[in-house]
Amino acid sequence: MHSAELIPHLFRTEYRKIVSVLCRRFGFQKIEVTEDIASDTFLTAVQSWGIEGTPPNPAGWLYQVAKNKAKNHLHRHAILEEKILPEIKSEMHSDENEIDLSPQNISDSQLQMMFAVCHPAVSTESQIGLALRILCGFGIEEIADAFQTNKDTINKRLLRAKEKLRAKKIAIELPATTEIEARLEPVLTTIYLLFNEGYYSISKNKNLRKELCLEAMRLCTMLIENEPTNKPQVNALLSLMCFHASRFDARMNEQDELVIYEEQDTALWNVDLISKGGYFLQRSASGNTLSRYHLEAGIAYWHTQKADSAEKWKGILQNYDLLLQIRYSPVAALNRTYALSKVYGNETAIREAERLGLTENHFYYLLLGELYKEIDPKQALENLEKAFALAKTETETQAIRKKIATISHLH
Amino acid sequence: MEEYIVFMRLDLITKDAQPSPEQMQVYMKQYQDWVGGIAALNKFAGGKGLSTEGKVVTYGDVVTDGPFVELKESIAGFIIIKAESLEEATELASACPILKGPGNSVEVRKISQVHPN
C-alpha cells in the first residue's frame with residue numbers, strides 16, 4: 001500500500017490505540033494532550049514517509065514516535081508535573097516515563113476506554129460522538145457528516161462530553177465483574193447506534209457509511225475477544241451486524257440509491273458475513289439471556305433467506321412478538337404487523353394494524369397501503385396518499401410515488 | 001392508563017386435557033402472537049407463566065400438593081396489560097387463545113396499588 005492510502009487506513013486502526021494507551025497512562029484529565037500527541041504522530045508520519053518512504057513496520061514506527069512525543073511532553077511539563085505529581089504519583093507505574101505499547105496493554109486500554117466513553121454520565125449522542133472520535137479515529141468533519149450537522153456543533157458536543165468525564169472523574173478501567181452486565185448495556189447501545197448510523201444514515205458518502213459499520217463490528221469483536229465481556233448478548237449483537245452488513249453492497253446501486261430488499265441481487269449478498277453471523281448467533285445461545293440483540297439477530301437471520309416460506313414468516317413473527325415484549329418501538333410494531341399478514345393473512349393484519357394508530361408515521365400508512373393493495377385498491381391508494389404527505393426524504397417520496405403509480409395502473 | 005392483570009385459567013389436572021409437546025408448541029406460538037399483538041400497541045407491562053408444581057396451604061396449616069387439588073381451572077399464568085378502561089382490558093384479554101378451549105377462562109382484574117414500588 002502506498003503511504004497516501006496507508007496513512008488514512010492506519011489512522012483508523014492505530015489512532016485509537018495510541019489515544020487509549022496514553023489516556024490510560026495520563027488519565028482523562030489529559031485527554032486533549034493525548035489526542036494532540038496522536039494527531040501529531042500522524043502528521044510526522046505524513047511528512048517523513050513522504051520523503052523517506054514507508055518504514056518496514058509502519059504501526060511500530062507510529063508507536064515509537066508517539067512514545068517519544070509523550071516522553072517529551074512529560075519532560076517539558078516536568079515543572080508543572082511536579083506540582084500535581086504528588087497527587088497522581090501513586091497511580092503511576094514504576095517507571096513514570098515508560099509508555100507501554102505492548103499488544104496486551106493496547107487491547108486492555110481500548111476496552112477500558114470503551115467503557116469510559118460509554119459511561120452513563122454522558123448523553124447517548126455524545127457517547128457516539130466520542131466513540132467515533134476516540135475509538136474510531138474519525139475526523140470532526142466526518143462525524144459532522146455522519147450526524148448531518150456542522151463541525152462547530154460536533155466540536156462543542158465533544159468538548160462538553162470530555163468536560164463531563166473529567167468532572168465526574170471517570171476512571172479508565174474495566175468495570176468490576178458484578179457491574180459488567182449493566183455497564184455493557186450502554187456500550188452495546190453505542191456500538192449498535194454507530195452501526196445504524198452507517199447502515200441507515202442519509203449521508204451520501206458510501207465509503208464513510210461502510211467504514212462506520214465496520215468500526216462498530218470491530219469494537220464488538222474486541223468485546224468478544226476479551227473473556228469477561230464475551231457475553232451472549234455481545235455475540236448476538238455481532239451476529240446481527242454481520243447479517244445486516246452482508247447486504248451492504250446489494251442495498252445500494254451505482255448511483256448510491258437505496259435498493260429495497262425485494263429487488264436486491266442476492267448474488268451481491270456477502271456469504272462470508274452471513275455464515276459469520278450464523279456462527280455468532282450460535283455462540284450467543286448460551287445461558288439464559290434473551291436480549292433484544294438475540295431477537296433482532298433472529299429476525300436478521302430470516303432475512304438472509306430470500307425465499308418466502310411459512311417457516312420464515314412464523315419465525316420472524318415470533319421474534320417480533322418477543323422483541324416487543326422487551327422493548328416497544330413503533331418500527332417493530334409495524335414490522336410485526338407485516339409479518340402477521342404473511343402468517344395470518346391481510347385481513348387479520350389490517351385489523352391489528354388499524355389499532356396501532358401510528359397516524360404521525362408515514363410507514364404506518366405505507367403498511368396499510370401494502371395490506372390493502374389486493375383487497376381494496378381504493379383504500380390502498382388513500383393510505384399511500386397519506387404516506388406521501390408525511391414522507392420526509394426525497395428517496396421516500398419517490399418510492400411512494402412509484403407504488404401509487406403501480407396500483408393506479410393496475411386498476 | 002391503568003394496569004390490569006389477566007389470569008389465565010386452564011384445566012391442568014385431567015390427563016386427557018393435557019396437550020402433546022407438538023400441540024404445546026402450536027399453543028405457545030398462538031400465545032406469543034396474542035401477547036405480541038398487545039405489545040405492539042405498547043400495552044404489555046409484564047407477565048409470567050407458572051409451573052404446574054406447587055403447594056396449597058389452607059387454614060389449620062393443611063398443606064397439599066398442587067395448586068389445583070379440586071379445581072379444573074388452575075391458574076396457568078398471567079400477564080399485566082395497560083388499558084384505558086376495564087372494557088378495553090377485557091377486549092384485549094378476550095383474544096387470548098386459551099379461550100378456544102372449552103372450560104378455559106381468563107379473569108381480568110384492575111390492579112390497585114397497595115404495595116410500595
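**Figure 1. Confidence along chain B.** Chain B averages a pLDDT of 89 in this predicted model. Of its residues, 95% score at least 70. Where is confidence lowest in chain B? Strand β4 (residues 62–65) of chain B holds that place, with a mean of 84. Helix α2 (residues 86–93) of chain B is where confidence is highest, at 97. The model as a whole scores ipTM 0.87 and pTM 0.84.

**Figure 2. The contact between chain A and chain B.** Here 15 residues of chain A are in contact with 11 residues of chain B. Which elements of chain A give two or more residues to the side that touches chain B? They are α14 (310–326), α15 (330–344) and α16 (346–356) of chain A. The largest share comes from α14(A), which gives 8 residues. What kinds of residues make up this side of chain A? The residues that touch chain B divide into 7 nonpolar, 3 polar and 5 charged.

**Figure 3. Helix α18 of chain A, end to end.** Helix α18 of chain A runs over residues 377–390 and has 14 residues. From its first C-alpha to its last, helix α18 of chain A reaches 20 Å. That is close to the 20 Å expected at 1.5 Å a residue.

Figure 4. Which residues of α18(A) are buried? They are Ala380(A), Asn383(A), Leu384(A) and Ala387(A). An α-helix has 3.6 residues a turn, so residues three or four places apart point the same way. The other side of α18(A) has exposed residues, Lys378(A) and Ala389(A). What covers the buried residues of α18(A)? The cover includes α17 (362–375) and α19 (394–410) of chain A.

**Figure 5. Where domain 1 and domain 2 of chain A touch.** The domain assignment of chain A gives domain 1 (1–101) and domain 2 (102–171 + 181–199). In this view, 15 residues of domain 1 of chain A are in contact with 16 residues of domain 2 of chain A. Which helix gives the most to the domain 1 side? Helix α1 (residues 3–26) of chain A does, with 10 residues. The residues on the side of domain 1 of chain A that touches domain 2 of chain A divide into 8 nonpolar, 2 polar and 5 charged.

How values were computed. Residues are numbered from 1 along each chain as its sequence is written. Chains are lettered from A and ligands numbered from 1 in the order in which they are written. This is a predicted model: local features need pLDDT of at least 70, side-chain atom pairs count only at pLDDT 80 or more; totals for chains, interfaces and linings use all residues. Two residues are in contact if their C-beta atoms, placed from the backbone, lie within 7 Å. Helices (H or I, at least four residues) and strands (E, at least two) are DSSP runs, numbered from the N terminus. Ala, Val, Leu, Ile, Met, Phe, Trp, Tyr, Cys and Pro count as nonpolar, Asp, Glu, Lys and Arg as charged, and the others, Gly among them, as polar. pLDDT is the predictor's confidence in each residue, from 0 to 100. The expected span of a helix is 1.5 Å times one less than its number of residues. A residue is buried if 20 or more other C-beta atoms lie within 10 Å of its own, exposed if 12 or fewer, and partly exposed in between; C-beta atoms are placed from the backbone. Domain bounds come from an automatic or database domain assignment.
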